[in-house]
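Thanks, everyone, for making the time this morning. Please have a look at the sequence and the structure on the screen, and I will then talk through them piece by piece.

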Amino acid sequence: MVFNVQTKILMTVLSVVLMFAFFILFYFPARQERYLLDNYNKEIENFAKTVALGVKIALTEQNFEGVETAIDFVRMDSRLQFVSLIQSDSIHDDNANVHIERTVFKTFPDSVQVDVNVESDEHFIVKRAHFFTPMMNGEIMLSFSTTEIVKSKKQIRLTSVFASLVVFLIGLSIGYWLSRKISIPVLALRDAANKVGEGDLTQWVKNKSRDEIGELSKAFNNMVKDISTARQEVEQRTQELRVEKKKSDELLLNILPSETAEELKRTGKAKTKHYDSVSVLFTDFKDFTSIAEKMDPNDLVAELHYCFSAFDRIIKKHDIEKIKTIGDSYMCVAGLPLKNELHPINIANAAIEIREFMQMHKIDKQAKGEDSFDIRIGIHTGEVVAGIVGENKFAYDIWGNTVNTASRLESNSEPGKINISETLYQLIHDKYDCVLRGKISVKGIGEIPMYFLEGIKN
Amino acid sequence: MKTNYISILFALIFGIFLPMSLRAQDTDLIIIRNEVSVPSEMDLSQLKSVLRGEKYRWKDGSKVVVALMKTNTPVGTNTCRKLYNMSSNELNKYFLALVFQGKVKAPTFFNSESELASFVAETPGAIGVLQNVYEIPVKTILVDGKKQI
């Protein structure tokens, strides 16, 4: 059985109160009755002794004032049943044996027949006091009624019952008040703590008392306030971290393909991966160096940024992965990091759009009387290995003969032309117009057939 | 012979002093009174009644106060015999019984007649028994017309 705090406090107080009430109800009256009875016995005994002393003085000194005063005092007591003067005489029988014969000399009131051997019982208390004089030996025997004692006992018990009842009720009230005073704030603290545990940091415990519970409530409120503040700070920091992470992720995604970036974040490294068939595209601006020498460097960089930004948008639209830019060269690949069977089409469409963008841009530049670039594009399809190497400044890259061949195709292209390999031609020639250029010698590779990709077939 | 002389000597002593002794005990008693409330004359039965405590108050309502010589004095012994017809012990027991039952106030006993006379003279309603008359302002009671009984 589980008791709550209020019940426990109430039970504790009631236990103490009950013990005290039982003490008042039983032990206290028993003690009082015993004390009362002892006093009563002593009082009667003192009466008897006083009368006996008075008798002794009267018989020896012939001074009756003492016995008169004593006996008057006893006679006036309403509790008196009788007072007897017992005379003791030594009797010698025929066998010369001596025995004491006790006879009643006088009794007040004289209507009472007194047995000299009477003893105390529940109704009377009998006390004796002996006296010895040359004239007479004997004893004073006093009998007092216990009626007053019984009445007093009843009064004591009644008072005890009333007092114990009052004590019990007061104790009960105090216990109830105390248990509520303690348990209510404790229960409020418990409920508030539960709600705080569930995440509600708006909890506030009202308690103005200056005791330990009040201090506990104050500490609880401070704790909740601190937690709330800390939580807000954490949320703010978390939000900031989210923003920073988003920036970081976006930055990372700008550098790396999303799959590679995820793998890198998850494992701390990214394995290189082999792709059987991808299409690699290179661009380059004809006479870039000579034109660049005539341009302001800032303008040059702005021009490159403008063009490459347009390339970025185009290849993104065609699901092509940008690899890098090297000077005026732009390199991208279709078909990775996720395998894509349409990579020849995607790369062909992107190349056509890039060429068209540059043609339009050239027209604009010429209209402004500015120098413009002629673009050369080369594309090859084949196998590559892609991934990240090294530990710092990660850069997603591709390696393999396909990359070299694509680069050679670009360098063997012509301004405004898209130079593609035999491999790519075979994959797209049914949908695109291509013109055979013949076999062209490529450094380090030998002669390979090349085609100009003109456009999409009508 | 010597024995006869001693016997004669004892006979002379008893013959002379015993009657003297008896005469001393039989000496007449004088009843004195306080002049307030106490009558100056009464008969012997009235006197005995008063002395025995049978009469509590005088005619004017004042309390009767009896003063006696202690019974271990010759006057006290004489008083017991003549007026109470009791021995000393009987007198004591008599008054003890009365006092015990609250029926009477016991007499006041004195060791000397002068004290007794002074007490009676100073105590309204007092009556006392003496053997000698002193030069004190105390009245006597005529009992059966006699000053001494």
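This is a predicted model: local features need pLDDT of at least 70, side-chain atom pairs count only at pLDDT 80 or more; totals for chains, interfaces and linings use all residues.

In helix 5 of chain B, the residues that count as buried are E113(B), L116(B), A117(B) and V120(B). Viewed down the axis of helix 5 of chain B, these buried residues fall within an arc of 100 degrees, so they line one face of the helix.

Helix 5, which covers residues 113-122 of chain B, lies across strand 1 (30-33), strand 3, strand 4 and strand 5 of chain B, and its direction makes an angle of about 160 degrees with strand 5 of chain B. Helix 3 of chain B, residues 74-84, lies across strand 3 and strand 5 (126-130) of chain B, and runs at about 120 degrees to strand 3 of chain B.

Turning to the sheet itself, chain B has an open sheet of five strands in the order 4-3-5-1-6, with mixed pairing. Its edge strands, each pairing on one side only, are strand 4 (108-110) and strand 6 (139-140) of chain B. Strand 4 of chain B pairs in the parallel sense with strand 3 of chain B, residues 65-69, over three bridges, and M69(B) stands opposite F110(B) of strand 4 of chain B.

To put those pieces in the context of the whole chain, chain B contains five helices and seven strands, and from the N terminus on its elements run α-β-β-α-β-α-α-β-α-β-β-β. Of the 149 residues in chain B, 33% are buried. When we take the contacts in chain B with a separation of 6 or more, 65% of them come from residues 24 or more positions apart.

Let me now move to the other chain. Chain A has 10 helices and 12 strands, and 28% of its 458 residues count as buried. For contacts in chain A between residues at least 6 apart in sequence, 65% join residues at least 24 apart.

Strand 10 of chain A runs parallel to strand 8 of chain A, residues 374-387, and four bridges join the two, with I420(A) in strand 10 of chain A as the bridge partner of I379(A). Strand 10 of chain A also pairs with strand 12 of chain A, residues 446-456, in the antiparallel sense over three bridges, and there N419(A) stands opposite F452(A).

Going back to V333(A), and leaving aside residues up to four places away in sequence, its contacts are V278(A), S279(A), V280(A), I320(A), E321(A), I323(A) and I398(A).

As a contrasting case, consider V301(A), which lies in helix 7 of chain A, residues 297-317. Why does V301(A) count as exposed? The reason is that V301(A) has 12 C-beta neighbours inside 10 Å, and a residue with 12 or fewer is classed as exposed.

Finally, the contact between the chains involves 18 residues from chain A and 15 residues from chain B. On the side of chain A that touches chain B, helix 1 (5-61), helix 2 (65-75) and strand 2 (98-108) of chain A each supply at least two residues, and helix 2 of chain A gives the most, with five residues. By class, that side of chain A has 11 nonpolar, two polar and five charged residues.

Technical notes: Residues are numbered from 1 along each chain as its sequence is written. Chains are lettered from A and ligands numbered from 1 in the order in which they are written. Two residues are in contact if their C-beta atoms, placed from the backbone, lie within 7 Å. Ala, Val, Leu, Ile, Met, Phe, Trp, Tyr, Cys and Pro count as nonpolar, Asp, Glu, Lys and Arg as charged, and the others, Gly among them, as polar. A residue is buried if 20 or more other C-beta atoms lie within 10 Å of its own, exposed if 12 or fewer, and partly exposed in between; C-beta atoms are placed from the backbone. Two strands pair if DSSP finds at least two bridges between them. Axes are lines fitted to C-alpha atoms, for helices over the stretch in contact, and angles run from 0 to 180 degrees between N-to-C directions. The arc is that of the directions from the helix axis to the C-beta atoms.
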